[in-house]
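Here's a quick walk through one model, written for someone who likes cut-offs spelled out. Have the viewer open while you read.

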Amino acid sequence: MTTSITLNNGVELPAIGLGVFQTPPAETVDAVAAALRTGYRHIDTAAAYGNEREVGQGIRESGVDPADVFLETKIWISDYGYDETLHAFDKSAGKLGVDQLDLLILHQPLPSAFERTIGAYRALEKLLADGRVRAIGVSNFMPAHLTQLLEQTEVVPAVNQIEVHPYFQQKDLQELHREHRILTQAWSPIGGITSYRESARRSFDEPVILAIGEKHGRSAAQVMLRWHLQHGIQVIPKSTKPERIAENFDIFDFELTADEVAQIDALDTGARGGPDPESITLETYGRPIPEA
Ligand code: NDP
């Protein structure tokens, strides 16, 4: 099993990265440095996470050559529109302390103001053409949003970062990605989103996953991450704990059988944990992203 994935424009992305959503700024430097020392070479952050500055600091303090680290961030909806998004790149790059980003994506579609989403994507195309970013993409785009984007813009997104874990798999959307050679990047890959609400059914307690883990001497998280990799899905598990960061990376020396993969495929409930992308509006989710 390879440890990197080639994007549709030839750029190489590690198969696993560290996510830092909800990682408090004060813990971000250590989490990022711990991940890089463990062997991770991809960090996924976002302007809206409020920790880009600390991600940059963690990279610089890790002892790993920053040139070897694949850095991904996201433009928040409040910065959509062509000129606004060009400026949002400067804000993110400034906070991260880099001149060039490896992957820059739109965090959400704005279905009620889609022309602003298109303007934002055209800015990403410009940044790509100018060499300020090495690849561009989107996140939380549903089939209709993706189809509209493909009709109105030139560059096929390299990735669509979407909610995928055993309880919510979005197989139709993944099929559309395959048709257009868009990589599926899984957010909440180990089902973190299933554990944020007390009443929810937690992926970590799923008997099918625990039984498979027992056979391989692996944790539920490791089984879920391995399942994604065997489907060709890129993963960005989040943890602030060094032992879990290491556990989540230790997935390249075992293999699930086809039957085990099918057992996990069968856990799909069709119910998303995150907000419906159609419900995202500037009025409800907009907030200013500070200058660098
Ligand atoms: P994950 O599926 O990565 O799960 C994270 C949760 O699981 C945290 O509570 C973490 O706690 C815990 N955890 C981590 N490792 C283990 C382990 N080995 N065993 C048990 N528990 C564990 O969920 P996220 O929602 O954080 O998603 C991952 C990343 O995806 C985000 O950080 C972000 O980068 C991205 N994302 C993108 C979104 C988008 O809209 N584009 C939306 C949501 C996420 P602890 O830290 O205490 O270890």
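What follows covers the ligand site, then a handful of individual residues.

First, the ground rules. This is a predicted model, so to speak of local features a pLDDT of at least 70 is needed, side-chain atom pairs count only at pLDDT 80 or more, and totals for chains, interfaces and linings use all residues. Residues are numbered from 1 along each chain as its sequence is written, and side-chain values use heavy atoms, with hydrogens and water left out.

**The ligand site**

Where does the ligand sit? The ligand is found in the largest pocket. "Pocket" here is a grid term: on a 1 Å grid over the protein atoms alone, it is an open set of points with protein on both sides within 12 Å along at least five of seven lines. A molecule sits in one if more than half of its atoms lie within 2 Å of its grid points.

There are 28 residues around the ligand, and the ones that come nearest are Asp44, Lys238, Ser239, Lys241 and Arg244. To be near, a residue needs one of its heavy atoms within 4 Å of the molecule. Helix α9 (residues 242–249) supplies the largest share of that shell, with three residues. Helices are DSSP runs of H or I with at least four residues, strands are E runs of at least two, and the numbering goes from the N terminus.

| Side chain | Distance to a ligand oxygen atom |
|---|---|
| Asp44 | 2.6 Å |
| Ser188 | 2.8 Å |
| Tyr196 | 2.9 Å |

On its own the ligand has 910 Å² of accessible area, and the protein covers 90% of that. Accessible areas come from the Shrake-Rupley method with a 1.4 Å probe, and for residues only the protein chains shown count as cover.

Most residues other than glycine have a negative phi. Ser188, from the table above, has a positive phi of about 50° although it is not a glycine. Ser188 belongs to the loop between β9 (183–187) and α7 (207–216), and at 14% relative accessibility it counts as buried. The scale is: buried under 20% relative accessible area, exposed over 50%, partly exposed in between (1.4 Å probe, protein chains only).

Gln22 also has a positive phi, near 70°. Its place is the loop between β3 (18–19) and α1 (25–38). Is Gln22 buried or partly exposed? Gln22 counts as partly exposed because its relative accessibility is 47%.

Contact means heavy atoms within 4.5 Å. Leaving aside neighbours within four places in sequence, Asn248 is in contact with residues including Ile16, Tyr40, Pro237 and Ser239. Glu243 and Ala34 are 209 residues apart in sequence, yet their C-alpha atoms are 9.3 Å apart in space.

**Buried spots elsewhere**

Gln234, in strand β10 (residues 234–235), counts as buried because its relative accessibility is 0%. The Gln234 side chain makes a polar contact with the side chain of Gln185 at 2.9 Å. Not counting residues up to four places away in sequence, Gln234 touches a list of residues, among them Ile5, Leu13, His42 and Thr184.

Gln174, in helix α6 (residues 171–180), is buried at 8%. Among residues beyond four places in sequence, Gln174 is in contact with Val164, Gln169, Thr184 and Ile233.

Leu71 is in strand β5 (residues 70–75) and is buried at 4%. Beyond four places in sequence, the contacts of Leu71 include Ile43, Val55, Leu96 and Val98. The C-alpha atoms of Leu71 and Ala26, 45 residues apart along the chain, are separated by 19 Å.

Gly119 has its place in helix α4 (residues 114–129) and counts as buried at 14%. Gly119 touches Gly81 and Tyr82, not counting residues up to four places away in sequence.

Note on methods: A polar contact is a pair of N or O atoms within 3.5 Å; within protein, one must be able to donate a hydrogen and the other to accept it, and residues adjacent in sequence count only if both atoms are side-chain atoms. On a 1 Å grid over the protein atoms alone, a cavity is a set of points where a 1.4 Å probe fits but cannot get out, and a pocket is an open set with protein on both sides within 12 Å along at least five of seven lines; lining residues have an atom within 4 Å of a point.
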